[in-house]
Amino acid sequence: MSEKNIVLIPGDGIGTEIIAAAKAVCDVAFEKANVKVNWIDKKAGGASIDAYGVPLTEDTIEACKAADAVLLGAVGGPKWDNVDPSIRPEKAILGLRKELGLFCNLRPVKIYPSLQEYSPLKKELVQDVDFVIVRELTGGIYFGEREEAQGEGANEFAWDKETYSRYEVERIMDIAMETARKRNKKVVSVDKANVLASSRLWRKIAQEKAAANPDITTDYFYVDNTAMQLVVNPAQFDVIVTTNLFGDILSDEGAVISGSIGLLPSASMGTGTALYEPIHGSAPDIMGQNLANPLGTILSAAMMCRHSLDLPQVADAIEKAVEQVLVDGYRTGDIYREGLKRVGTTEMAQAVIERL
């Protein structure tokens with residue numbers, strides 16, 4: 001029997017409910033696969049502020065570093081809107097990215113056949129959509145030098161600096177190539193090389209990586225064309241790799257295409273322990289009411305099995321169970337339509353477990 005150590009961080013708002021649901025599903029899936037898991041509960045975000053006065057403790061950091069994976073719910077909420085900016089709940093996410101060396105965000109965008117009608121795009125455009133956005137997470141303009149607004153009148157100005165180093169581009173390209181190798185072997189590298197110097201370096205290195213990986217078909221799109229193509233023909237994409245800024249924008253566009261933010265998982269990966277979380281927030285307005293959609297978290301756990309725990313068969317089983325639940329008409333409130341089966345958080349998790 002193999003043994004895994006997983007840190008659970010419920011966080012705030014609906015985080016406790018969706019993490020409990022995902023854990024319940026995982027417990028059944030792991031037992032069927034004869035895998036022993038040690039769940040290690042830790043706090044981060046607002047819950048950590050309430051308990052320890054800071055959003056992220058050294059104890060939580062060390063536990064994450066020592067684990068095989070981290071599964072996170074969500075952090076933040078209006079309860080902590082007035083705390084000092086230096087200890088806002090969101091600092092926990094930034095702190096974990098830094099301490100664990102998480103320089104890559106993987107965000108899959110898949111439209112299940114039973115949910116095609118939820119997409120704002122025409123059905124014929126989304127029926128084969130299944131791609132992954134590989135976003136560089138710790139470089140670029142978000143982490144560059146900046147100058148806040150200064151001067152007066154028409155001459156008032158501010159600036160931000162976009163910088164990428166070779167090693168930052170090389171390592172994100174390596175992950176994109178390896179991700180594509182496990183899928184349909186197609187990569188689109190997204191930049192703005194016709195305007196930006198940093199993008200010209202990005203494209204140069206992308207071309208080098210393409211030459212070193214001849215089994216992968218690599219193409220190069222400008223970011224504005226990519227944004228258009230995601231609406232006109234999203235099914236053409238397999239793996240999209242891009243910068244921090246462009247990835248932030250395009251991944252949100254991808255989330256809208258899918259029709260429901262409550263279904264999308266994500267993974268943050270790098271040199272240390274990878275972190276898995278749904279892309280939605282803490283939704284404090286529905287916390288404690290058994291209304292939250294747990295499927296994004298359950299699918300994040302499936303990603304965890306595939307990428308960090310070397311358990312692809314468990315990942316497949318969880319994903320197929322989720323797909324079957326949707327085919328069978330089970331819906332939480334955010335994706336409910338008349339005539340289907342409306343269920344709560346725990347009931348949805350139980351429906352997935354029954355199909356495992």
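Reader: Is Asp 224 buried, partly exposed or exposed in this model?

Author: The model is a predicted one. Asp 224 belongs to helix H8, which spans residues 223-232. Its relative accessible area is 45%. Buried requires under 20% and exposed over 50%, so Asp 224 is partly exposed.

Reader: Which feature does UniProt place at Asp 224, Asp 248 and Asp 252?

Author: The three positions come from an unreviewed UniProt entry. They are spread over 29 residues of sequence, yet they cluster in space, with a largest C-alpha distance of 14.4 Å. The feature that the entry places at Asp 224, Asp 248 and Asp 252 is "binding site".

Reader: Which residues of this set belong to the lining of the second largest pocket?

Author: The set in the UniProt entry consists of Asp 224, Asp 248 and Asp 252. From this set, the lining of the second largest pocket takes in Asp 248 and Asp 252.

Reader: To which side chain is that of Asp 248 joined by a polar contact?

Author: Asp 248 lies in helix H9, residues 244-258. Its relative accessibility of 23% is not under the 20% required for buried, so Asp 248 counts as partly exposed. Leaving aside residues up to four places away in sequence, Asp 248 touches Arg 135 and Tyr 142. The polar contact, at 2.7 Å, joins the side chain of Asp 248 to that of Tyr 142.

Reader: Which backbone nitrogen does the side chain of Ser 119 reach?

Author: Ser 119 is in the loop between strand E4 (104-110) and helix H5 (123-126). Its relative accessibility is 8%, and the limit for buried is under 20%, so Ser 119 counts as buried. Beyond residues up to four places away in sequence, Ser 119 touches Ile 111, Val 126, Ile 257 and Gly 259. At 3.1 Å, its side chain reaches the backbone nitrogen of Leu 121.

Reader: What is the handedness of the β-α-β crossover from E8 to E9?

Author: Strands E8 (residues 186-191) and E9 (residues 217-222) pair in the parallel sense over six bridges. Within this pairing, Val 188 has Asp 219 in E9 as its bridge partner. The chain passes from E8 to E9 through helix H7 (residues 197-212), and the crossover is right-handed.

Reader: Through which helix does the chain cross from E1 to E2?

Author: Strand E1 (residues 2-11) runs parallel to strand E2 (residues 35-41), and seven bridges join them. Asn 5 stands opposite Asn 38 in E2. The crossover from E1 to E2 is right-handed, and the helix on its path is H1 (residues 15-32).

Reader: Which residue of E3 stands opposite Val 7?

Author: E1 is also joined to strand E3 (residues 69-74), to which it runs parallel, by five bridges. In E3, the residue opposite Val 7 is Val 70.

Reader: What is the value of phi at Asn 290?

Author: Asn 290 is in the loop between strand E12 (275-278) and helix H10 (295-307). At 26% relative accessibility it counts as partly exposed. Asn 290 is a residue other than glycine, and its phi is positive, near 60°.

Reader: Is Asp 310 buried or exposed?

Author: Asp 310 lies in the loop between H10 and helix H11 (312-327). It has a positive phi of about 55° although it is not a glycine. Its relative accessible area is 63%, and exposed means over 50%, so Asp 310 is exposed.

Conventions:
Residues numbered from 1 in each chain as written. Predicted model: local features only at pLDDT ≥ 70, side-chain atom pairs only at ≥ 80, totals over all residues. Heavy atoms only, no water. UniProt positions renumbered as here; feature names shortened; annotations may be inferred. 1 Å grid on protein atoms, 1.4 Å probe; cavity = no way out; pocket = protein on both sides within 12 Å on 5 of 7 lines; lining within 4 Å. Helix = DSSP H or I, 4+ residues; strand = E, 2+ residues; numbered from the N terminus. Buried < 20%, exposed > 50% of the residue type's maximum accessible area, 1.4 Å probe, protein only. Contact = heavy atoms within 4.5 Å. Polar contact = N/O pair within 3.5 Å; in protein donor to acceptor, adjacent residues only side chain to side chain. Pairing = 2+ DSSP bridges. Right-handed = clockwise from strand over helix to strand, strands pointing away.
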